[in-house]
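Reader: Could you walk me through how the helices in this structure are described?
Author: Gladly; let's look at it together.

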Amino acid sequence: MIVLLDHEENILEFLDDDLADIGVTDVYKGYETLELQYVLSDIIIDKHLFRQGNKILVDNCLFVINSECEFDYVKNLIKVDAEEIISELNFTKPFYINDATFNSFVTGNTIQISSQFLQRLLPNYTVLETDLPSLKKSDKLLTVNGTITVYDLLKQIEELTGLVFKRNYEISNNKIIKQIKLLKPTNYGQTHDKLIESVELGHNANKLLYLTDESKNALGIMPIITSEDTENVKYSKILKQFYNLDINNEKIEPNLYKYEYTKEELQDISINVLAKTKIQGYIPEKILTKNDELEIGVAQFLDLLAQSIVIENSEFFIQNQSIVLNLIKNVEYSRHTIINAKFTKEEILLLAQKVNKYCSVNFEVPTFIQTTHGICNSEMLTYILMNYIISENSVVLNTEKYPLLGKISSDFVQENIYTTKDWENFEYMPFLYTQNSSGSSKIPTSNSVNGSVNVVDIDNYISESYPTLVIKKNANATQMHVKIYSQGVADDEINSFFVAFKDPTKIKDDSDITIDFSKKTIKYTKYVETTVTKEVKETNAKDGVITVTGKNTCGCCGYPKMPYKNYTRTFEDYCPACGRRGTLVFNPKNVVDGEITCGNTGPACKNGGTKNGKSYSKGSIRGCDADYCCQCGGDKWGSGRCRTRKLSPADSVENTTKTITETSGEYKEITAGEEDSTSEDKEKISDVVTEQSNFNAFYGRCSIELSGCTFVSLDCESTKLFELSPFPYIKHRGEQFIYAPVNFAEFNYTHVEENTPKLEKFETTEQSVEEVLIGCWKKLNGSGDNTKWLEKSENITVDLVETEDIKYAVGDFVYINLPDNTVFKAQITEKSFNPKIKEDCSLKIGNITKESIK
């Protein structure tokens with residue numbers, strides 16, 4: 001179905017499919033384009049229908065005619081080029097960071113990306129459920145300066161989140177419905193599990209020539225790659241990534257091309273850099289000089305500023321004296337305090353002298369310099385000297401205004417740093433080599449200082465490893481986490497993940513904690529409480545009785561019938577004379593022998609007293625005044641009444657049983673893992689660490705940030721370390737030679753036998769330059785069989801035929817068998833087709849990984 005609409009998307013005409021020849025090209029992460037040829041029928045009507053700005057709905061995609069239509073009266077054809085409607089976002093009202101429409105989503109220059117924001121940004125689209133909620137909040141914060149087209153903003157959102165926009169267009173009730181989703185690449189399309197046996201590769205892979213060379217002071221293999229296709233390969237971009245690598249080989253002395261600057265040039269550069277600093281809040285990592293043709297690092301720039309100030313204030317100052325660019329390394333960490341103060345000219349001169357002296361001796365900028373106003377790091381020193389060289393006056397530094405100063409690690413050094421004495425015709429190439437770790441499974445580490453945070457660095461680079469990390473909990477720590485930073489050889493940015501404990505207070509202070517990243521387990525010592533319920537017997541004073549000590553005084557037991565002495569007896573608190581309970585008291589009349597009286601008379605009854613240790617109030621006990629013997633309980637009235645009226649003997653105490661709960665605790669070694677367990681010494685790892693915790697592999701250059709704990713050891717049975725070093729290979733300037741280690745076919749770590757480098761055999765296939773480089777990088781940082789050979793290189797063109805049961809779409813995943821009989825999984829990145837003819841279909845694939853069909 002082909003529908004023509006006006007610019008307001010009102011339907012103008014339904015075209016006849018049989019009169020149309022259609023070609024559609026769909027590009028992953030891009031928009032679709034349309035080429036349409038239609039038979040000319042009525043010139044007046046057709047010119048109204050086919051005009052710039054009108055729209056065409058074809059195959060569930062809405063296109064806008066973005067150029068003049070061509071009318072061929074000889075061939076009787078109309079030729080139309082159109083782009084998907086989303087391309088109009090390049091020409092609609094741009095996004096402005098301060099637009100009141102987006103106030104609720106913007107803080108400063110930072111946008112909080114959400115479905116609600118996208119709906120506000122794209123009012124003509126219905127934003128459907130997206131994969132945005134699966135991202136961390138920090139991964140949805142986008143900083144934008146000034147104005148940007150809406151389409152470019154969508155591209156930046158894709159780059160920030162790693163997600164991809166997918167659009168859909170439908171016609172319903174003569175209205176166009178436009179929908180958009182933001183999806184993970186894996187959710188963008190479906191996976192076709194059937195292996196595509198026959199694949200025709202397009203002729204766009206470079207033909208490569210591999211050579212090897214070796215040197216005793218650079219242990220390893222050095223394939224030199226030259227390409228017949230030099231126009232489509234960005235060698236400078238590839239090489240620039242290698243210039244960023246750290247270099248450590250003292251046997252090869254680097255020679256720096258002699259670049260010189262005047263004071264006026266440094267003033268102009270400082271003005272530009274200061275303007276950027278005021279906009280973005282930090283000093284740019286790369287500073288353009290020499291008419292924007294040479295980039296230098298911040299460390300080199302600071303050295304130039306210090307040189308200029310020191311030279312001008314020297315007694316040997318020569319007018320128009322030049323300042324020489326040196327090879328200056330940036331510090332790996334920074335230290336500073338909050339400063340809001342004015343630095344005088346004298347103080348600034350002293351700072352410049354200290355910087356100049358430090359750089360000339362150590363060939364790196366100082367980590368910090370102590371001043372009377374506080375501690376200044378290298379970025380703050382750059383800011384001060386930069387302002388001074390412009391104004392030659394005192395400088396105010398307010399770090400609260402520029403809080404990012406000191407947080408940007410600027411490791412960049414200018415290009416073409418290695419040159420020979422023949423500056424015009426030769427230049428050095430960098431080199432990378434690998435080296436096995438020692439026989440010990442212990443991974444070498446070193447401590448570094450980063451403010452108050454404990455940081456441990458892994459020496460050299462590490463291959464993909466899942467080590468065992470042992471840490472010790474700090475006493476009284478209430479928060480505890482381990483954060484791992486890693487940067488592989490091919491990574492442009494530092495990656496990070498962490499293991500954070502939910503409740504460190506349950507872990508024993510100063511005890512070891514073992515984190516096994518391979519088994520995904522944590523072993524630690526925990527205070528475990530045990531609760532036991534049991535029954536116990538108690539003996540308590542019995543209620544409703546009276547216990548007395550007195551002599552035998554009644555006719556039944558009085559002397560001489562029984563010895564005259566004190567007896568202790570217990571009776572029920574019941575008077576048989578009057579039938580009352582609770583009225584008996586001991587000796588209220590204070591008789592010498594003692595007696596039990598049914599309370600009525602006597603000081604004790606009248607005024608109150610105690611009974612069995614319990615107090616009673618005045619007049620509360622009212623009885624019949626009968627008196628009883630303390631020994632047998634008989635009535636003392638006489639006439640033998642002691643035999644007929646007696647108190648009933650009773651027990652003074654009673655035994656009861658009650659249930660009690662006792663809690664005891666002890667420290668136990670607990671192993672937390674992913675499996676459920678009812679064992680006392682095991683628990684679920686999700687109960688120990690936060691949901692965001694990960695047990696990823698260590699690779700590349702790694703450092704471990706510890707909070708609430710200290711480092712003990714790091715071990716791994718199967719790990720390899722490798723170093724980076726310059727290789728003394730000289731090439732003619734301008735020749736398109738690129739270096740790379742061996743590719744995936746026969747990759748072996750280089751090792752040394754009797755102080756001689758041993759070179760392993762390897763095989764090659766025809767691949768592009770970038771394929772080889774990316775493949776080697778990935779292999780070195782441990783990605784193994786999941787190497788993304790085409791992550792940054794050109795796509796492979798594949799000719800496929802769509803059948804009735806299989807319909808391929810951009811974003812889908814397919815399995816292909818490349819010429820070396822290896823199965824790869826790839827994503828369709830481009831599709832060119834004619835909606836009317838299924839056989840007319842050409843696909844391109846990319847994002848290839850070596851993977852078996854599941």
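Author: Helix H6 (residues 263-280) and helix H9 (residues 378-391) have axes that come within 9 Å and cross at roughly 125 degrees. This is a predicted model, where local features need pLDDT of at least 70 and side-chain atom pairs pLDDT 80 or more, while totals use all residues. Residues are numbered from 1 along each chain as its sequence is written, and side-chain values use heavy atoms, without hydrogens and water.

Reader: Why are H6 and H9 called oblique to each other?
Author: Angles under 35 degrees count as roughly parallel, over 145 as roughly antiparallel, 65 to 115 as roughly perpendicular, and the rest as oblique. The H6 and H9 axes cross at roughly 125 degrees, so the pair is oblique.

Reader: What makes up the contact of H6 with H9, by class?
Author: Contact means heavy atoms within 4.5 Å. Residues including Leu 266 and Ile 271 in H6 meet residues including Tyr 383 and Met 386 in H9. The contact has 8 nonpolar, 4 polar and no charged residues.

Reader: And what is the angle between helix H7 and H9?
Author: H7 (residues 298-312) packs against H9 at about 45 degrees, with the axes 9 Å apart. That angle makes H7 oblique to H9 too. Among the residues in this contact are Phe 301 and Leu 305 of H7 and Leu 385 of H9.

Reader: How much of the chain is buried?
Author: Buried means under 20% relative accessible area, with a 1.4 Å probe and protein chains only. Such residues make up 44% of the 854 in the chain.

Conventions:
Axes fitted to C-alpha atoms, helices over the stretch in contact; angles between N-to-C directions. Helix = DSSP H or I, 4+ residues; strand = E, 2+ residues; numbered from the N terminus. Nonpolar A, V, L, I, M, F, W, Y, C, P; charged D, E, K, R; others polar. Buried < 20%, exposed > 50% of the residue type's maximum accessible area, 1.4 Å probe, protein only.
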